[in-house]
Amino acid sequence: MDVTYENYGPLPHYRVEMSIFYIIFFIVFPFFFVNIFVALIIITFQEQGEKELEEGELDKNQKSCIDFAIGARPTQRYMPKNKDSTKYKVWKIVVSTAFEYFIMVLIVLNTLLLMMKAVK
(Lines give C-alpha, C1' and ligand atoms only; values in the text may rest on other atoms or scores of the structure.)
Protein backbone atom coordinates (compact mmCIF):
# COMPACT_ATOMS: atom_id res chain seq x y z
CA MET A 1 0.00 0.00 0.00
CA ASP A 2 2.95 2.34 0.66
CA VAL A 3 5.05 1.35 -2.38
CA THR A 4 5.82 4.11 -4.87
CA TYR A 5 8.11 3.88 -7.89
CA GLU A 6 11.37 2.02 -8.39
CA ASN A 7 14.30 3.61 -6.53
CA TYR A 8 11.91 5.73 -4.42
CA GLY A 9 11.03 5.27 -0.78
CA PRO A 10 7.58 4.35 0.49
CA LEU A 11 4.93 6.99 1.13
CA PRO A 12 2.17 6.30 3.68
CA HIS A 13 -1.15 5.40 2.06
CA TYR A 14 0.18 5.98 -1.47
CA ARG A 15 -1.96 3.27 -3.12
CA VAL A 16 -4.99 2.55 -0.92
CA GLU A 17 -6.78 0.92 -3.85
CA MET A 18 -4.29 -1.96 -3.71
CA SER A 19 -5.27 -2.75 -0.12
CA ILE A 20 -8.94 -2.75 -1.14
CA PHE A 21 -8.10 -5.07 -4.04
CA TYR A 22 -6.33 -7.54 -1.73
CA ILE A 23 -9.17 -7.48 0.80
CA ILE A 24 -11.70 -8.27 -1.93
CA PHE A 25 -9.48 -10.79 -3.72
CA PHE A 26 -8.31 -12.77 -0.69
CA ILE A 27 -11.26 -12.44 1.72
CA VAL A 28 -14.52 -11.67 -0.08
CA PHE A 29 -14.17 -13.85 -3.21
CA PRO A 30 -13.03 -17.01 -1.38
CA PHE A 31 -15.91 -16.61 1.07
CA PHE A 32 -18.49 -16.61 -1.74
CA PHE A 33 -16.80 -19.43 -3.65
CA VAL A 34 -16.71 -21.62 -0.54
CA ASN A 35 -20.42 -20.95 0.02
CA ILE A 36 -21.22 -21.83 -3.60
CA PHE A 37 -19.12 -25.00 -3.35
CA VAL A 38 -20.89 -26.10 -0.15
CA ALA A 39 -24.29 -25.37 -1.71
CA LEU A 40 -23.44 -27.48 -4.75
CA ILE A 41 -22.33 -30.37 -2.54
CA ILE A 42 -25.55 -30.20 -0.52
CA ILE A 43 -27.71 -30.09 -3.67
CA THR A 44 -25.81 -33.02 -5.17
CA PHE A 45 -26.26 -35.13 -2.03
CA GLN A 46 -29.98 -34.30 -1.94
CA GLU A 47 -30.41 -35.31 -5.58
CA GLN A 48 -28.51 -38.54 -5.03
CA GLY A 49 -30.62 -39.33 -1.98
CA GLU A 50 -33.83 -38.73 -3.93
CA LYS A 51 -32.54 -40.88 -6.77
CA GLU A 52 -31.76 -43.70 -4.32
CA LEU A 53 -35.29 -43.48 -2.94
CA GLU A 54 -36.77 -43.68 -6.43
CA GLU A 55 -34.60 -46.63 -7.44
CA GLY A 56 -34.85 -48.42 -4.10
CA GLU A 57 -36.95 -51.49 -3.57
CA LEU A 58 -39.29 -49.96 -1.01
CA ASP A 59 -42.97 -50.68 -0.81
CA LYS A 60 -45.57 -47.92 -0.78
CA ASN A 61 -45.86 -47.84 3.03
CA GLN A 62 -42.08 -47.52 3.57
CA LYS A 63 -41.88 -44.74 0.99
CA SER A 64 -44.73 -42.81 2.61
CA CYS A 65 -43.06 -43.16 6.03
CA ILE A 66 -39.80 -41.74 4.66
CA ASP A 67 -41.64 -38.87 2.94
CA PHE A 68 -43.47 -38.10 6.18
CA ALA A 69 -40.22 -38.13 8.20
CA ILE A 70 -38.48 -35.83 5.71
CA GLY A 71 -41.36 -33.34 5.61
CA ALA A 72 -42.22 -33.45 9.32
CA ARG A 73 -42.46 -30.08 11.04
CA PRO A 74 -43.40 -29.35 14.65
CA THR A 75 -47.08 -28.49 15.08
CA GLN A 76 -46.40 -25.89 17.73
CA ARG A 77 -43.48 -23.92 19.09
CA TYR A 78 -42.25 -24.48 22.62
CA MET A 79 -43.25 -21.77 25.07
CA PRO A 80 -42.92 -21.86 28.87
CA LYS A 81 -46.30 -22.01 30.58
CA ASN A 82 -45.63 -19.72 33.55
CA LYS A 83 -45.34 -16.19 32.15
CA ASP A 84 -43.93 -14.82 35.41
CA SER A 85 -40.96 -17.20 35.47
CA THR A 86 -37.36 -16.38 34.54
CA LYS A 87 -37.49 -19.17 31.98
CA TYR A 88 -40.30 -17.36 30.11
CA LYS A 89 -38.44 -14.04 30.20
CA VAL A 90 -35.27 -15.61 28.79
CA TRP A 91 -37.33 -17.43 26.13
CA LYS A 92 -39.03 -14.16 25.15
CA ILE A 93 -35.63 -12.48 24.67
CA VAL A 94 -34.10 -15.37 22.73
CA VAL A 95 -36.96 -15.68 20.21
CA SER A 96 -37.09 -11.93 19.52
CA THR A 97 -35.90 -10.40 16.26
CA ALA A 98 -33.71 -7.92 18.12
CA PHE A 99 -31.76 -10.78 19.70
CA GLU A 100 -31.25 -12.34 16.26
CA TYR A 101 -29.83 -9.06 14.93
CA PHE A 102 -27.66 -8.68 18.04
CA ILE A 103 -26.12 -12.13 17.46
CA MET A 104 -25.56 -11.26 13.79
CA VAL A 105 -23.73 -8.05 14.78
CA LEU A 106 -21.55 -10.05 17.19
CA ILE A 107 -20.65 -12.49 14.41
CA VAL A 108 -19.74 -9.62 12.06
CA LEU A 109 -17.64 -7.93 14.76
CA ASN A 110 -15.89 -11.21 15.50
CA THR A 111 -15.10 -11.64 11.80
CA LEU A 112 -13.76 -8.09 11.58
CA LEU A 113 -11.58 -8.60 14.64
CA LEU A 114 -10.19 -11.81 13.20
CA MET A 115 -9.45 -9.99 9.93
CA MET A 116 -7.65 -7.19 11.81
CA LYS A 117 -5.63 -9.73 13.75
CA ALA A 118 -4.58 -11.48 10.52
CA VAL A 119 -3.49 -8.20 8.90
CA LYS A 120 -1.35 -7.25 11.86
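Predicted model: local features only at pLDDT ≥ 70, side-chain atom pairs only at ≥ 80, totals over all residues.
View 1. Helices (H or I, at least four residues) and strands (E, at least two) are DSSP runs, numbered from the N terminus.

**View 2. Thr 97 in helix 4.** Thr 97 belongs to helix 4, which covers residues 97-119. With a relative accessible area of 49%, Thr 97 is partly exposed, the class between buried (under 20%) and exposed (over 50%), for a 1.4 Å probe and protein chains only. Leu 40 is 57 residues from Thr 97 in sequence, and their C-alpha atoms are 30 Å apart.

**View 3. The two assigned domains.** An automatic or database assignment divides the protein chain into domain 1 (1-73) and domain 2 (78-119). Their C-alpha centres are separated by 25 Å.

**View 4. The chain as a whole.** Four helices and zero strands make up the secondary structure, in the order α-α-α-α. The C-alpha trace spans about 80 × 55 × 15 Å along its principal axes. Of the 120 residues, 4% count as buried.

**Notes.** Residues are numbered from 1 along each chain as its sequence is written. Local features need pLDDT of at least 70 and side-chain atom pairs pLDDT 80 or more, whereas totals for chains, interfaces and linings use all residues; side-chain values use heavy atoms, without hydrogens and water.
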